[in-house]
Amino acid sequence: TTGLVGLAVSQNPHERLRILYAKILASLQTMPQDAAYRKYTEQLVNERFDHVKTEPDVVKLEQKINGGQIEEVIFQAECELSLSRKMADWKPWEPLVEEAPPNQWKWPI
Amino acid sequence: MMPKYIQQVQVTCYNELEVMIHPDGVVPVLTFLRDHTNAQFRNMIDLTAVDVPSRQNRFEIVYNLLSLRYNSRIRVKTYTDELTPVDSSVSVHKAANWYEREVSHRGFANAGARRRVGTDWVCVWKQVWDMYGVFFANHPDLRRILTDYGFEGHPFRKDFPLSGYVEVRYDDELKRVVAEPVELAQEFRKFDLNTPWEVFPAYREPKEAPPKLEAPAPEKK
């Protein structure tokens, strides 16, 4: 029983996390190596993946990852997966689209 | 850091993080902030706009986000002028719905005062379409929200007068409410409240160096 409304307890969280992190890493491969998003997300995902692989106990895994309950971690991983797919479309690592017009952000005027 | 093609300037004003974006990047940046593990800004606190008439892109659209996981706030700013539509953030945050309706109609009369005094936005409800006329593309339901049914005009722009144009309404022999042009009992008095002393000494413009005048070379005789 999670303490949260709307999040059911997940049977077999390790398996689910493993699948999700593998998918995230696969979608990150499509981005160029020097993209900052790819670097940091890979670092994060690999770290969590290692925790998942080494720690079979759910409670200790939650403490190691330090991201709330396991169901929350699963939800976050699903979000990260959808984000990485969208990032592959938007390509945020490209240089700036357009410079701001002069004095746009000047405050006080 | 991450969406590099979007950021222009990152400024922290008294410990608040603000991120300035190009208007094309609204949806990518907001989804990034919502979904990424290091920045779970799931809550949209506010969506407002600021009218600065002297700028080329008049309106500055501001998104305030909160992360419950990391207990931090962030502000995302975009700019637009009167005619360019901005992508709607309703697909990212459902809360933006009414805020965008308000901004597209409503606006902030006191945005300038807000900055000087340092207090928060005046109106925190459905705004922006109603009050400004900023058009949000892909918005599911862009209707007026705070103004009256037949109201023309965008109240919160800086060029809209305090009393409005067609505001006096009273019951007529027609036995209904009628819109008439405004009749003010007293002439509008504009006070000049500017102090003769400099207000922001830290933001002084750097003085241009006076042009050096060279002494004319002595003519050779």
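1. A:Glu72 counts as partly exposed, at 23% relative accessibility; buried means under 20% relative accessible area, exposed over 50%, and partly exposed in between (1.4 Å probe, protein chains only). A:Glu72 forms a salt bridge with B:Arg69, and the closest N and O atoms are 2.6 Å apart. The term salt bridge stands for a side-chain nitrogen of Lys or Arg within 4 Å of a carboxyl oxygen of Asp or Glu. This pair crosses between chains: A:Glu72 is in helix 4 of chain A, and B:Arg69 is in the loop between strand 4 and strand 5 (72-80) of chain B. B:Arg69 is also partly exposed, with a relative accessible area of 34%. Helices (H or I, at least four residues) and strands (E, at least two) are DSSP runs numbered from the N terminus.

2. On the basis of the note: this is a predicted model, in which local features need pLDDT of at least 70 and side-chain atom pairs count only at pLDDT 80 or more, while totals for chains, interfaces and linings use all residues. Residues are numbered from 1 along each chain as its sequence is written, chains are lettered from A and ligands numbered from 1 in the order in which they are written, and side-chain values use heavy atoms, with hydrogens and water left out.

3. The whole structure holds twelve salt bridges over all chains. Within chain A, A:Glu78 pairs with A:Arg16, with the closest N and O atoms 2.8 Å apart. A:Glu78 is partly exposed at 32% relative accessibility, and A:Arg16 is partly exposed at 35%.

4. In chain B, a salt bridge links B:Arg75 and B:Glu18, with the closest N and O atoms 2.1 Å apart. B:Arg75 belongs to strand 5 of chain B and B:Glu18 to strand 2 of chain B, so the pair ties together parts that are 57 residues apart in sequence. Both B:Arg75 and B:Glu18 are buried. Salt bridges with shared partners join B:Glu16, B:Glu18, B:Arg55, B:Glu60, B:Arg75 and B:Lys77 into one network.

5. Chain B has three helices and ten strands, in the order β-β-α-β-β-β-β-α-α-β-β-β-β along the sequence. Of its 221 residues, 43% count as buried. Strand 3 (residues 43-51) of chain B has seven of its nine residues buried, so this strand is largely enclosed by the rest of the structure. Strand 3 runs antiparallel to strand 4 (residues 59-67) of chain B, and eight bridges join the two; strands count as paired if DSSP finds at least two bridges between them. Within this pairing, B:Asn43 has B:Leu66 of strand 4 as its bridge partner.

6. B:Leu17 is in strand 2 of chain B and is partly exposed, at 33% relative accessibility. The C-alpha atoms of B:Leu17 and B:Ser89 are separated by 20 Å, the two residues being 72 apart along the chain.

7. Two surface patches deserve a mention. Patches are made of residues with over 30% relative accessible area and no salt bridge, like charges being joined within 9 Å and nonpolar side chains (Val, Leu, Ile, Met, Phe, Trp, Tyr) within 5 Å. A:Glu98, A:Glu99, B:Asp24 and B:Asp87 form a negative patch; Lys and Arg count as positive and Asp and Glu as negative, with His and the chain ends not counted. B:Asp24 is in the loop between strand 2 (16-21) and helix 1 (26-35) of chain B and is partly exposed, with a relative accessible area of 48%. The nonpolar patch consists of B:Leu162, B:Leu184 and B:Phe188, with about 400 Å² of accessible area together; accessible areas come from the Shrake-Rupley method with a 1.4 Å probe. B:Leu162 is exposed at 81% relative accessibility, in the loop between strand 8 (136-137) and strand 9 (168-171) of chain B.

8. Backbone angles: A:Asn12 has phi near 65°, a positive value in a residue other than glycine, and is placed in the segment before helix 1 of chain A. B:Asn71 has phi near 50°, again positive in a residue other than glycine. B:Asn71 is in the loop between strand 4 and strand 5 of chain B and is exposed, with a relative accessible area of 67%.

Terms used
Charge placed at Lys NZ, Arg CZ, Asp CG, Glu CD.
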